[in-house]
Amino acid sequence: MNLKSMFNKVDHRMLEKYPNLWVLGVPIYVPILVLLHVIIMSIGFIYPLNPLPDFFRYKDFFENISITMILPTILLVVIFVIRQVKFNSKRVHLSLPYRYQFLVFLYFFGLLFGITSLPLSGNLAAYVKTNLTLDKDRFDKEHDVMADGFTHFFLEKSYIDDPEDCRIAEKQGYYFDDYNDRIGYTRYELNETKDSLIVYRHFVDYRYGSDLDTISLPQAYKEIETFISIAQRYEGGVTETDPVRIVEQNLKSDRFYTKGEKRVRPAFDYLESYQRFDNNINFHNKLLYKNSFFFAAEWEFWRAYAFLALALSILLIILCSVNIAEFGWGMLVVALHPTVFGIVAALTVFIFRDVNGDQGPWIGIILLSIFTLNALFFAFNKRFKPALRRAFAIACHIYLPLVAGGFMMLVEEVLDCCYVDSTYIENCDCFYPFTQTQYELTLMGTFFFGSILVTYLFGRYYKRQYTDPQIK
Amino acid sequence: MIFSASNIHKQYPRSKFELSVPQIELSEGAIVGVVGENGNGKTTLLNIIAGELAADGDLSYFGEPVGFDSDWTDIKTKIAFIPQRIPRWYGSLIQNLKLKAALDGIPPDDSDAYLDEILSFLGLMDYKHLKWTEISTGYRLRFELARMLIGKPNLLVLDEPLANLDINTQQKFLSDLKNILRDKSYSTAVILSSQQLHEIETVSDQMIFLRKGHSVFSGAVNDLETDHAQLVFEIQVELEDKKRLIDYLTENGLKYGTTGEYVQVSVDKSGSSNDFIAALIKENFTIKYYRNISKSTKRLFNQ
């Protein structure tokens with residue numbers, strides 16, 4: 001039995017036994033989606049993340065996969081939407097009953113989430129793989145050693161904007177800033193007894209703090225040699241290898257620079273490519289500490305990304321639940337109603353421009369309430385034509401979760417309290433009983449679960465609208 | 001009783017059109033035809049009966065009066081409504097029919113045989129693997145009818161099903177309808193609207209004639225003759241003889257009306273069709289067309 005006839009048989013069986021799943025395209029879309037995820041995950045998994053160096057290229061690689069997958073993903077979404085509108089929408093299949101509407105919405109959400117996450121599955125698989133191959137302890141150790149040695153290989157210039165101040169500072173070795181604080185700009189010099197170096201510790205990444213340190217000359221030479229031996233594994237090749245010469249040259253470079261010298265080279269730089277070394281170290285950090293690059297492995301990312309699929313699925317379920325022309329009118333209301341509201345809000349702000357700023361959120365609450373009640377009035381008042389009511393209902397379906405979030409934000413502004421975990425408690429008159437993170441999670445939860453709840457309720461509204469006789 | 005309604009009233013405030021039908025009853029196995037000129041409320045009436053349009057009046061479906069808490073989803077599963085414009089089907093025709101069968105709870109093992117029975121009945125077996133775009137308007141209508149019949153609806157509402165069909169297809173479609181109602185497995189009533197008076201009167205048990213939204217006649221076509229004191233004939237003569245014919249009718253004190261080349265003549269019931277034709281032949285009129293419309297709603301059009 002060939003593949004096509006096998007598919008036809010499965011398709012046929014699904015149609016007869018599970019028509020509600022068949023009409024949603026489950027036998028077509030779910031296997032295709034699973035297959036695509038498997039392929040892209042395989043690419044992510046197979047791609048060699050070992051051995052070192054050149055890790056930053058993986059970043060490019062996975063970013064390219066994601067970018068390349070954007071167009072096919074959009075295409076898949078469009079095909080899926082067309083398929084649903086053709087086969088699943090009320091207007092083309094009048095015989096299709098209004099059953100399991102909420103389950104259909106959940107299916108849309110699941111599938112659209114699957115489609116929109118396609119560009120990221122390679123990234124996810126690569127992350128799973130990194131746990132098997134990368135040695136975090138070794139990197140941490142080498143990182144700290146390199147950070148010490150880096151002091152001798154690269155130093156940005158210190159600037160004093162005014163040339164006269166700069167001349168004086170250079171002569172004195174320090175200067176007084178606008179607040180009359182004594183600023184010493186020494187960042188690489190011998191101490192008074194000339195047996196130790198005073199150096200400015202810094203590195204290419206955020207994990208390493210910056211401060212002055214005093215080290216002996218032999219220690220400095222050792223740091224330089226160690227850096228040369230290790231940094232090359234992280235694309236940190238150097239142009240000068242003699243420790244004595246490096247220190248001598250560095251001592252000459254340490255001076256105050258005027259603003260006019262800003263765009264010239266750093267004070268000293270013996271790296272073949274600062275940029276590549278920087279990329280490489282930072283990529284390691286991201287790789288090992290799940291920071292930025294492997295965002296696909298982060299719950300916070302998916303929590304936000306799910307809104308894309310949610311928005312698409314809400315639009316699709318509306319499109320499949322109402323008449324196409326009314327969907328168009330609904331979208332017009334969605335666009336125009338906030339525009340009118342925006343104009344009214346702008347005029348209100350203009351009229352009350354002299355009012356105390358604390359009144360702003362109150363005005364916002366009043367306007368938002370009027371805006372919401374107006375939309376609800378049109379959607380549910382039987383004196384209006386059903387088509388108009390449905391257009392406003394579609395708009396309300398989209399607005400309400402956003403409005404709920406908007407109210408939360410405005411109320412938060414009205415109360416003007418500090419979060420319980422606030423670091424500036426001396427300025428706080430009152431405290432919310434929750435942290436900022438808890439507040440943000442609640443806000444997101446309101447958008448997310450509010451949208452789902454509203455979709456359920458408006459699903460019932462559309463059902464009544466299209467099954468009950470209407471006054472036209 | 002499948003459907004009954006009294007005092008149906010619907011008003012469109014903007015156009016000031018008003019539909020008013022005092023009584024309609026649709027019993028099992030009955031075909032009711034709705035006729036009238038364009039814009040006289042046929043589609044509005046059918047939309048009300050199909051549950052698409054709200055109206056005042058006491059409506060009752062399947063013995064249950066309609067109220068505020070009526071479950072229209074349930075009512076509509078027993079109603080099949082074919083509007084003037086049939087929405088396009090996507091996918092193959094048989095796929096769509098199978099979907100409907102599955103949604104209506106026909107067991108998968110019985111589905112093929114059940115569909116074949118309906119398709120054979122409607123003479124559609126040879127076309128079931130085609131697509132919507134590959135069949136003619138007449139076949140689309142019959143496939144739509146086939147789809148509606150799958151769920152064995154109790155009430156079939158057809159809005160202008162004969163429009164866009166050629167005469168043979170019209171007759172085939174109407175005979176399909178008759179056959180469906182004869183089949184005891186369908187306990188169905190049919191109400192349909194059409195402009196094809198002769199064809200629709202042939203199959204209908206009852207006719208409703210609407211004029212400006214009002215039901216002018218409602219009953220069996222035979223009642224039209226008994227209800228009226230005169231017979232009505234529709235005739236067409238050679239064009240150059242039309243004026244002479246009108247002069248002749250006027251001279252003989254006969255009431256008449258004209259529609260294009262056709263002349264409708266009212267004669268006393270004591271006369272007969274044969275006498276009238278004989279009189280015309282005697283006067284040397286060449287009769288191109290003649291029909292006794294005494295038992296047809298056609299006579300109501302010119303009143």
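Helices (H or I, at least four residues) and strands (E, at least two) are DSSP runs numbered from the N terminus, and helix axes are lines fitted to C-alpha atoms over the stretch in contact, with angles running from 0 to 180 degrees between N-to-C directions. This is a predicted model, in which local features need pLDDT of at least 70 and side-chain atom pairs count only at pLDDT 80 or more, while totals for chains, interfaces and linings use all residues. Residues are numbered from 1 along each chain as its sequence is written, chains are lettered from A and ligands numbered from 1 in the order in which they are written, and side-chain values use heavy atoms, with hydrogens and water left out.

**Domains**

- Chain A is divided into domain 1 (152–273) and domain 2 (322–472), with bounds that come from an automatic or database domain assignment, and the C-alpha centres of these two domains are 56 Å apart.
- In chain B the assignment gives domain 1 (3–224) and domain 2 (229–301), whose C-alpha centres are separated by 36 Å.
- Across the two domains of chain B, 13 residues of domain 1 are in contact with 9 residues of domain 2, contact meaning heavy atoms within 4.5 Å.

**Helix α13 against helix α15 in chain A**

- The axes of α13 (residues 324–351) and α15 (residues 386–415) of chain A come within 8 Å and cross at roughly 60°, which makes α13(A) oblique to α15(A); angles under 35 degrees count as roughly parallel, over 145 as roughly antiparallel, 65 to 115 as roughly perpendicular and the rest as oblique.
- Residues making the contact include A:Phe327, A:Trp329 and A:Met331 of α13(A), and A:Phe392, A:Ile394 and A:Tyr399 of α15(A).
- By class, this contact of α13(A) with α15(A) has 13 nonpolar, 2 polar and 2 charged residues, where Ala, Val, Leu, Ile, Met, Phe, Trp, Tyr, Cys and Pro count as nonpolar, Asp, Glu, Lys and Arg as charged, and the others, Gly among them, as polar.

**Disulfides**

- The count over all chains comes to 2 disulfides, each a pair of cysteine sulfur atoms within 2.5 Å.
- A:Cys417 and A:Cys430 form a disulfide with sulfur atoms 1.7 Å apart, and the torsion about their S-S bond is about -95°, so the disulfide is left-handed.
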